[in-house]
Amino acid sequence: MTTQPNIDLFNRFTLAVFKKLYLNFPVAIELDVDDLIISVTPTDTSYEETFNALSVGGEALNFLASEGFLVHQGALLDGSQFLQVRLTMKGLAVLGSMP
């Protein structure tokens, strides 16, 4: 398999994150970044590509938070889980679901 650009992985991961947060809104949840990134990585991806993809998840969540689409209360040191994650009004607006 050829290496997927990070933006493709970012898009798939972001959709999975938004879906999970939307389904739990307004309750803040813990997100297992590794599980989510693996769930959106194609099954024929090499071990090395999968390992490298794991770093994209935490960076994507931090980017979404810095852009105001979600909030969180930090992450475990290894970046595998983010704590108390919730969509913001901006995140809901992107999904077309503002109250």
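**Starting from a ring**

Let's start with phenylalanine 10, which counts as buried because its relative accessibility is 18%. Quick note on the word: buried means under 20% relative accessible area, exposed means over 50%, and partly exposed is in between, with a 1.4 Å probe and protein chains only. Phenylalanine 63, at 41% relative accessibility, counts as partly exposed.

Before I go on, a word on where this comes from. This is a predicted model, where local features need pLDDT of at least 70, side-chain atom pairs count only at pLDDT 80 or more, and totals for chains, interfaces and linings use all residues. Residues are numbered from 1 along each chain as its sequence is written, and side-chain values use heavy atoms, with hydrogens and water left out.

**Ring pairs**

How many aromatic pairs does the count come to? Two. The rule takes rings of Phe, Tyr and Trp (its six-membered ring) with centres within 6.5 Å; planes under 30 degrees apart are stacked, over 60 edge-to-face, and the rest tilted. Phenylalanine 10 and phenylalanine 63 make an edge-to-face pair, 5.8 Å centre to centre with 75° between the planes. That pair links distant parts of the chain, with phenylalanine 10 in helix 1 and phenylalanine 63 in helix 3, 53 residues apart.

The rings of phenylalanine 18 and phenylalanine 69 have centres 6.4 Å apart and planes at 50°, so this pair is tilted. Phenylalanine 18 is in helix 1 and phenylalanine 69 in the loop between helix 3 and strand 2, so the pair ties together parts 51 residues apart in sequence. Both phenylalanine 18 and phenylalanine 69 are buried.

**The overall layout**

Stepping back, the chain has four helices and three strands. These are DSSP runs numbered from the N terminus, with helices being H or I of at least four residues and strands being E of at least two. Along the sequence the pattern goes α-β-α-α-β-β-α.

On overall dimensions, a compact globule of 99 residues would have a radius of gyration near 13 Å, and this chain has 13 Å, so the two agree. That radius is taken over C-alpha atoms, and the globule rule is 2.2 Å times the number of residues to the power 0.38. The C-alpha atoms fill a box of roughly 45 × 30 × 20 Å along the principal axes. Of the 99 residues, 35% are buried.

Now the inside. The largest nonpolar core has 24 residues, and those with the most contacts inside it are Phe13, Val17, Leu21, Leu31, Leu61 and Leu70. Helix 1 gives the most to this core, with seven residues. By nonpolar core I mean a set of buried Ala, Val, Leu, Ile, Met, Phe, Trp, Tyr and Cys residues joined through side-chain atoms within 4.5 Å.

Who does valine 17 touch? Leaving out residues up to four places away in sequence, valine 17 touches Leu31, Leu36, Leu61 and Leu70. Contact here means heavy atoms within 4.5 Å.

Helix 3 covers residues 47-66; at 1.5 Å a residue its 20 residues should span 28 Å, and the end C-alpha atoms are 30 Å apart, which agrees. The expected span is 1.5 Å times one less than the number of residues. Its buried residues include Ala53, Val56, Gly57, Ala60, Leu61 and Leu64. Among the elements covering the buried residues of helix 3 are helix 1 (6-24), strand 1 (29-32) and strand 3 (81-87).

Asparagine 62 is also in helix 3, but it is partly exposed, with a relative accessible area of 35%. Beyond its neighbours up to four places away in sequence, asparagine 62 touches His72 and Phe82. After helix 3 comes glycine 68, whose phi is positive, near 90°.

**Some backbone details**

Which peptide bond is cis? The one from phenylalanine 25 to proline 26, with omega near 10°. Proline 26 is in the loop between helix 1 and strand 1.

Then there's glutamine 84 in strand 3. Its phi is near 50°, a positive value in a residue other than glycine. Glutamine 84 counts as partly exposed, at 39% relative accessibility.

Last stop is serine 80, in the loop between strand 2 and strand 3. Serine 80 is buried, with a relative accessible area of 11%. Apart from neighbours within four places in sequence, serine 80 is in contact with Leu31, Asp32, Val33 and Asp34.
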